[in-house]
Amino acid sequence: MIRSLALAHRLALRNVRRYARRSIITAVTIWFGMVMVVFTIGISEGAYRRVVDTAARSGPGHVAVQTPDLDPFEPEPLARADEAMAIAAAIPGAEIAPRARLPALLSSAGGSVNLLALGVEPALERKTSILSEALVEGEWLPDEQGRVPEIVIGRTTARRLDLGLGDRAVVMAQVDGELSSVLLRVGGIFALGSDEVDSGIAVVPIHTLQLLLGQPDAVHQVAVILDDLHRARPVQRQLQAALPDAEVQTWDQLLPELGDYVTMDRNGGDVSFAFLFAIVAVAVLNAVLMSVLERVKEFGLMLAVGTRPSTLFLVVVLEALVLSMGSAALGAVVGGALVLWMGHTGVDLATLFGMEQSMDVAGYDISGTIYPYLPPLRTLYMSAMVVVVTVAGSLWPAWKATRIEPVEAIRHD
Amino acid sequence: MTDRTEVLRADQIWRTYQQGVVEVHALRGLSLSVFQGDFAVVAGPSGSGKTTLLNQFGALDRPTRGTVYVEGRDLSDLSRRKRADLRRDRIGFVFQAYNLVPVLTAYENAELTLLLQGVPAKTRDERVKSLLDAVGLDGMHDRFPRELSGGQQQRVAVARALAPRPALVLADEPTANLDSKTSTELIEMMRRLNDETGATFLFSSHDQRVIDRAKRLVLLEDGQVASDEVR
């Protein structure tokens with residue numbers, strides 16, 4: 001078996017080299033398929049990263065430390081929040097933002113809406129939250145509050161309550177069975193593009209919210225923003241081990257709808273890849289079959305002089321394997337380099353696909369420019385799939401080669 | 001003649017082809033033995049069954065009826081793989097239309113069967129080079145078939161057939177596509193190899209030059225042996 005394999009490998013390499021034209025055509029087909037796969041993965045993963053990052057930065061962070069089983073309507077403060085913040089802040093590449101949360105009613109002369117009042121440290125939040133970058137009017141919360149504290153609201157909320165910069169609004173909430181309220185001045189209006197965020201969140205200084213709660217040091221959640229989204233899981237495990245009494249969750253646990261959307265969309269993408277693989281398989285099958293049919297005489301002759309059918313089978317399959325491995329590797333390198341470059345410069349979807357300047361993904365509006373990203377394991381898996389598919393495409397032609405009758409083949413022209 | 005070792009034996013073999021609704025009998029109960037060291041020609045008019053007979057002896061085809069033996073082995077029950085091994089190890093082929101693998105050089109074509117046998121590289125190299133030189137292809141080892149004349153290609157085919165030192169060389173009309181001078185040179189070369197190595201040669205041919213140089217002439221007519229003459 002090993003001898004047959006070595007011989008078949010040797011013959012296959014020689015055939016690939018000497019049937020250069022056919023080899024190049026087949027290789028280019030596989031190569032192009034691989035570049036397309038890598039490029040598509042890069043674009044879609046870049047879009048996922050963008051939307052997840054947007055959602056995480058406008059919400060609970062990539063990782064959040066909070067009270068176990070946090071009730072969104074009656075949140076309990078996190079015990080030993082200072083310790084949690086100190087441990088999280090010590091993680092390299094991590095920024096932290098302590099937050100207090102309170103479901104509240106925001107009222108103005110124009111009406112009232114239910115939303116989540118998010119108490120933040122303005123300075124820390126400026127570094128971590130995407131909301132501070134999404135201001136369309138006014139300014140972010142100042143570090144020092146004046147006599148009437150400020151509030152930053154979403155554009156949808158502003159429209160619904162007919163609020164503008166400098167207008168006053170009241171945040172009202174039920175705390176320990178009692179109604180409690182605070183008067184605030186609209187200092188800024190943000191527009192993230194996500195209706196859920198633009199109408200569902202209002203940002204106030206954490207100190208103001210703590211006063212409203214009657215809990216001066218209450219922190220319900222410590223949001224951890226990471227320099228790389230893919231570090232979320234290991235950081236979660238690290239924090240959970242260090243803070244056994246707290247609950248540490250990753251973005252997909254905190255935003256399950258978004259996690260499900262990404263998983264579902266990725267699975268949908270896999271179906272598209274399956275079609276692409278099928279096209280590559282058919283192209284390879286066609287190329288290898290043509291190669292077998294063109295070489296009936298050669299294969300018949302090889303069988304006539306004593307080549308075992310199994311060796312001939314291996315020769316044909318190995319030719320495809322050699323071509324596919326080389327082409328897939330080259331495709332991964334070229335596609336990877338393309339994605340790397342685009343990941344650096346960004347891709348304007350408007351230019352690439354003729355789309356609008358921004359698009360809605362899972363309820364979040366992302367700008368027209370995304371930064372493609374290539375997860376190494378997924379790329380490796382897809383490269384392996386291209387090789388497997390190519391080899392699968394060569395099996396039937398290879399079997400056909402073994403069925404050639406030498407007597408007929410050597411008379412074949 | 002019967003004292004010598006029998007290399008090939010056809011025992012009442014029939015080979016029938018179906019052409020539409022008509023059955024064509026290429027061989028009709030033919031029996032023939034070929035012995036060690038024979039330099040025999042199977043001659044006869046077109047359609048007499050020469051090539052069909054060689055295909056039976058070469059384990060390239062199966063008889064419709066009857067039995068073929070190669071070195072005493074009944075070929076009837078051999079699998080495709082075992083038949084391939086038999087051809088690789090015991091039989092050398094020279095076909096009519098100088099069948100060489102087009103992407104292999106003269107050297108690589110001659111080396112092919114040795115590669116299949118797993119002969120060590122050094123032995124392969126020595127044997128292939130000496131054979132190519134012996135058939136007059138010194139200095140042409142690296143040429144591809146398209147860079148060789150018909151006669152030169154047929155010499156490569158002879159070198160390939162002899163490289164694994166087979167018990168038997170089967171040559172189907174080896175001079176059919178060659179000019180007179182090249183045909184004579186080729187047949188003389190094979191005769192010399194027969195004398196020197198004792199390898200058994202069985203030709204099919206209606207080339208008078210081949211027939212004249214044969215040590216044994218088997219005449220076929222209508223798929224049967226019409227005469228068998230040892231010279």
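Predicted model: local features only at pLDDT ≥ 70, side-chain atom pairs only at ≥ 80, totals over all residues.
Residues are numbered from 1 along each chain as its sequence is written, while chains are lettered from A and ligands numbered from 1 in the order in which they are written.

**Exercise 1. The build of chain A**

Task: Find out how many helices and strands chain A has, and how spread out the chain is.

Solution: 
- Start with the elements: chain A holds 15 helices and 14 strands. Both are DSSP runs numbered from the N terminus: helices are H or I with at least four residues, strands are E with at least two.
- Next, take the radius of gyration, computed over C-alpha atoms; the globule rule is 2.2 Å times the number of residues to the power 0.38. For the 413 residues of chain A the rule gives 22 Å, but the radius is 30 Å, well over that, so the chain is more spread out than a compact globule.
- Then look at the extents: the C-alpha trace of chain A spans about 100 × 45 × 30 Å along its principal axes.
- Finally, turn to the domains, whose bounds come from an automatic or database domain assignment. Domain 1 of chain A covers 2-55 + 260-409, and domain 2 covers 60-252. Their centres, taken over C-alpha atoms, are 47 Å apart.

**Exercise 2. A sheet in chain B**

Task: Trace the order of the six strands in the open sheet of chain B and name its edge strands.

Solution: 
- Strands pair if DSSP finds at least two bridges between them. The order is β6-β7-β8-β3-β9-β10 (chain B), with mixed pairing.
- The edges are β6 (91-94) and β10 (224-230) of chain B, as each pairs on one side only.
- Now zoom in on one pair: β9 (residues 216-221) of chain B and β10(B) run antiparallel and are joined by six bridges. In this pair, Leu220(B) has Val225(B) as its bridge partner in β10(B).

**Exercise 3. Where chain A touches chain B**

Task: Describe the side of chain A that touches chain B.

Solution: 
- Two residues are in contact if their C-beta atoms, placed from the backbone, lie within 7 Å. By this rule, 19 residues of chain A are in contact with 20 residues of chain B.
- The elements giving two or more residues to this side of chain A are α1 (2-18), α11 (296-304), α12 (309-345) and α15 (406-409) of chain A.
- With five residues, α11(A) gives the most.
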